[in-house]
Amino acid sequence: MSDSEELLKRLLTSALKGDAKAQYRLGVLYTDGKIVPKDYEQAMKWYSLAAKQEHSKAQVYLAMLYQKQKDYKNAAMWYVKAAGHGEPKAQYYLGLMFLGGKGVQKNLEEALKWLDKAASQGLNDAKIALDKILAVEEISADYEDEDNDDTNDNASFMEEVDDIP
């Protein structure tokens, strides 16, 4: 029996006994397809068993598979659980879901909260997303300020239009 077969046998034995870590690791094996053939259905089965036992990384990967299937509601549910356990990837993806309104109601405040939590744990993608959002917010604020000055600008604009030959 090869080392890979021995590992798989031990993981399967432990997973069937309810070991969440073994269930998670089986999910990873079925996701990457290096030791066993890639099988997302099997991966979801094992991640789900581990996730229900509060294994936070399994919750993240289960959410990612739901998101891959465009089942945003279930993805959001598992991201919320994992984010609550402090998983930065879950916080990041949950922030993006709130930003886009996928699986959850669109909410900029919630998006910023979760992205900030992920960024504060060093997740670079979250830092980049926050920078982009804040830049857009700054531009929007500048634009709104310009809109408030419209009363004076309209008169000078109309004078310029009148001067066009």
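At 13% relative accessibility, E87 counts as buried (buried means under 20% relative accessible area, exposed over 50%, and partly exposed in between, with a 1.4 Å probe and protein chains only). The model is predicted, so local features need pLDDT of at least 70 and side-chain atom pairs count only at pLDDT 80 or more, while totals for chains, interfaces and linings use all residues. Residues are numbered from 1 along each chain as its sequence is written, and side-chain values use heavy atoms, with hydrogens and water left out.

**Surroundings of E87**

- E87 is located in the loop between α5 and α6; helices (H or I, at least four residues) are DSSP runs, numbered from the N terminus.
- Leaving aside residues up to four places away in sequence, E87 touches S56, K57, V60 and A82, where contact means heavy atoms within 4.5 Å.

**Salt bridges**

- The count comes to two salt bridges, each defined as a side-chain nitrogen of Lys or Arg within 4 Å of a carboxyl oxygen of Asp or Glu.
- One of them joins K57 and E87, whose closest N and O atoms are 3.4 Å apart.
- This pair links distant parts of the chain, 30 residues apart: K57 belongs to helix α4 (residues 56-68), and E87 to the loop between α5 (72-84) and α6 (88-100).
- K57 is partly exposed, at 39% relative accessibility.
- K113 and E110 also form a salt bridge, at 3.3 Å from N to O.
- K113 and E110 are separated by about one helical turn, because they stand three residues apart in helix α7 (residues 108-120).
- K113 is partly exposed at 36% relative accessible area, and E110 is partly exposed at 24%.

Terms used: Helices (H or I, at least four residues) and strands (E, at least two) are DSSP runs, numbered from the N terminus.
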